[in-house]
Amino acid sequence: MANTEVEVANTKKQPSVRARVQAFGGFLTNMVLPNIGAFIAWGFLTALFIPTGWLPNEHLAEMVGPIINYVLPILLAFTGGMMVAGHRGAVMGTLGTIGLIVGSEIPMFLGAMIVGPLGGWIIKKFDAAINNKIPAGFEMIVNNFSIGILGFFLMIISYLFIGPVIEAANTGVTTAIQALVATGFLPLLSIINEPAKVLFLNNVIDQGIYYPLGMQATLDAGKSIFFTVASNPGPGLGLLLAFTFFGGKIAKRTAPGAIIIHFFGGIHELYFPYVLMKPLTIIGMIAGAMSGIAVFSLFDAGLVAGPSPGSIFAYLALTPRGSFLGIILGVLVATVVSFVVTSIILKLGKNDDDEQALDQSITKSKSMKQEGKGVLSANQTTETNKKINKISFACDAGAGSSALGATTFRKKLQKKDITDIEVKHFRIEDVPTDSDLVVVHKDLAERARIRIDSSRIIMIENYINDPNLVELLDKLEENNSKND
């Protein structure tokens with residue numbers, strides 16, 4: 001036990017680079033996700049009323065500029081500051097972002113995602129420094145004037161210094177990516193995008209890079225290809241179809257269900273375990289994504305906002321006039337190319353190899369990896385005879401795969417007449433401290449250990465039909481029967 005505690009402590013002090021990047025991506029996601037509805041509303045406004053829209057209306061189109069320049073960045077800043085230091089942090093972040101907005105000539109999405117949390121951090125540190133040092137009766141005046149004074153200086157600094165730096169950096173990144181577009185090399189981004197997505201770094205890419213660039217491009221052209229370069233559901237669909245026809249027995253049984261959730265529900269995390277089970281299939285994902293981007297570029301197609309979730313329904317809903325043919329063909333071509341390449345890989349590797357790889361993965365998750373990293377299996381958990389009252393499913397954003405896993409597991413408990421266990425979903429950083437068990441994908445387990453005791457983590461590879469979840473369900477049913 002002592003060795004385990006030491007190992008957990010060391011892990012918390014020295015998380016890997018990937019875990020840190022995942023955590024950063026999760027932070028960005030939770031800054032953007034609550035405001036996605038506002039982004040989509042702006043996308044509809046743009047698609048309908050700008051001069052090239054479905055219903056051109058000069059009067060209504062006057063809202064397009066103020067929303068993208070003021071409302072959306074302020075929402076991001078407010079949310080980022082709130083995440084760091086509550087409402088006081090939200091106010092500080094908003095004040096600082098106003099300085100960015102007024103002092104720049106581009107939509108300050110990147111700036112808002114930096115200054116918003118920065119404002120929260122500043123007021124949080126100030127509040128900690130004066131904690132228990134304010135004379136009785138002066139609390140309100142100190143609280144109000146502290147934000148007033150610090151917010152004033154943050155506005156000035158943002159206007160004079162931070163804004164120009166961010167604008168220059170944004171211009172550099174935009175110029176580099178536009179050069180890729182102009183030279184036809186934009187599909188090469190898939191070489192980075194697809195492996196990063198499978199390693200749960202997709203939110204860093206989308207929310208941190210492509211969404212801000214896409215919104216900026218949409219303001220000028222009414223659409224942007226940047227919204228499609230990492231969110232195309234076609235490559236994942238092709239991969240899952242290949243596993244449906246040419247995978248091993250377990251893959252053939254589970255892939256069709258994953259197709260529905262991935263393609264129509266927009267939860268791309270469902271195909272990640274299949275790639276991890278047979279890593280060579282990432283070639284199919286890259287080829288499919290590159291083909292899709294090439295088609296989007298050829299037809300000058302784009303979306304008016306970021307499709308979140310990345311469902312085919314979201315794609316079609318956010319497609320502007322004149323881009324439907326290109327968008328549909330891009331998804332279709334990406335599906336076909338991914339399917340063909342992945343099928344060849346699976347057939348050359350033989351189905352037995354798929355089955356063996358999956359068996360080995362399950363064995364590792366039940367034994368060496370779990371014991372070596374201090375992560376419990378379902379058997380180890382229930383052998384402690386500890387009453388399980390709360391199970392938390394956790395993922396990167398807390399709104400996709402973990403929500404699906406929690407809902408599915410909750411329904412399975414209800415079918416077995418187990419109603420006294422609370423099952424909810426969260427992003428990793430928001431998991432309640434009183435959770436008895438925390439279910440997390442094995443590629444996010446290291447990030448989870450940064451703040452969650454390893455003795456409470458159950459590591460899985462599939463949020464729906466993972467063997468560890470089946471094992472846990474059986475144990476909970478057994479314990480419930482004993483209690484009855």
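In which sense do strand E1 (residues 390–395) and E2 pair, and over how many bridges? They pair in the parallel sense, over 6 bridges. Two strands count as paired if DSSP finds at least two bridges between them. Helices (H or I, at least four residues) and strands (E, at least two) are DSSP runs, numbered from the N terminus.

The model is predicted: local features need pLDDT of at least 70 and side-chain atom pairs count only at pLDDT 80 or more, while totals for chains, interfaces and linings use all residues. Residues are numbered from 1 along each chain as its sequence is written, and side-chain values use heavy atoms, with hydrogens and water left out.

**The sheet**

E1 and E2 belong to an open sheet of 4 strands in the order E2-E1-E3-E4, with parallel pairing. E2 and strand E4 (457–460) stand at the edges with a single partner strand each, so one side of each has no neighbour in the sheet. On average, neighbouring strands are turned by 25° against each other, direction ignored. Axes are lines fitted to C-alpha atoms, for helices over the stretch in contact, and angles run from 0 to 180 degrees between N-to-C directions. H18 packs on the sheet and touches E1 and E2, and its direction makes about 175° with that of E2. Contact here means heavy atoms within 4.5 Å.

On its other pairing, E1 meets strand E3 (residues 437–441) in the parallel sense over 4 bridges. Isoleucine 391 has valine 423 as its bridge partner in E2 and leucine 437 as its bridge partner in E3. Phenylalanine 393 stands opposite histidine 425 in E2.

Is E1 buried or exposed? Because 6 of its 6 residues are buried, E1 is largely enclosed by the rest of the structure. Buried means under 20% relative accessible area, exposed over 50%, and partly exposed in between (1.4 Å probe, protein chains only). Lys390, Ser392 and Ala394 are buried on one side of E1, and Ile391, Phe393 and Cys395 on the other.

**Cores and a helix pair**

A nonpolar core is a set of buried Ala, Val, Leu, Ile, Met, Phe, Trp, Tyr and Cys residues joined through side-chain atoms within 4.5 Å. The largest has 69 residues, and those with the most contacts inside it are Met215, Leu239, Phe243, Tyr271 and Tyr274. A second, separate core of 31 residues includes Ala394, Ile418, Phe426 and Val440.

The axes of helix H3 (residues 36–49) and helix H4 (residues 64–102) come within 11 Å and cross at roughly 170°. Angles over 145 degrees count as roughly antiparallel, under 35 as roughly parallel, 65 to 115 as roughly perpendicular and the rest as oblique. H3 and H4 are therefore roughly antiparallel to each other. Among the residues in contact are Trp42 of H3 and Leu72 of H4.

**Residues in loops**

Most residues other than glycine have a negative phi.

| Residue | Phi | Relative accessible area |
|---|---|---|
| Aspartate 300 | near 55° | 54%, exposed |
| Aspartate 417 | near 60° | 62%, exposed |

Aspartate 300 is in the loop between helix H12 (282–298) and helix H13 (312–317), and aspartate 417 in the loop between helix H18 (401–415) and strand E2 (422–427).

Histidine 268, in the loop between helix H10 (249–264) and helix H11 (272–277), is buried, with a relative accessible area of 8%. A polar atom of its side chain lies 2.8 Å from the backbone oxygen of glycine 310.

Conventions: Polar contact = N/O pair within 3.5 Å; in protein donor to acceptor, adjacent residues only side chain to side chain.
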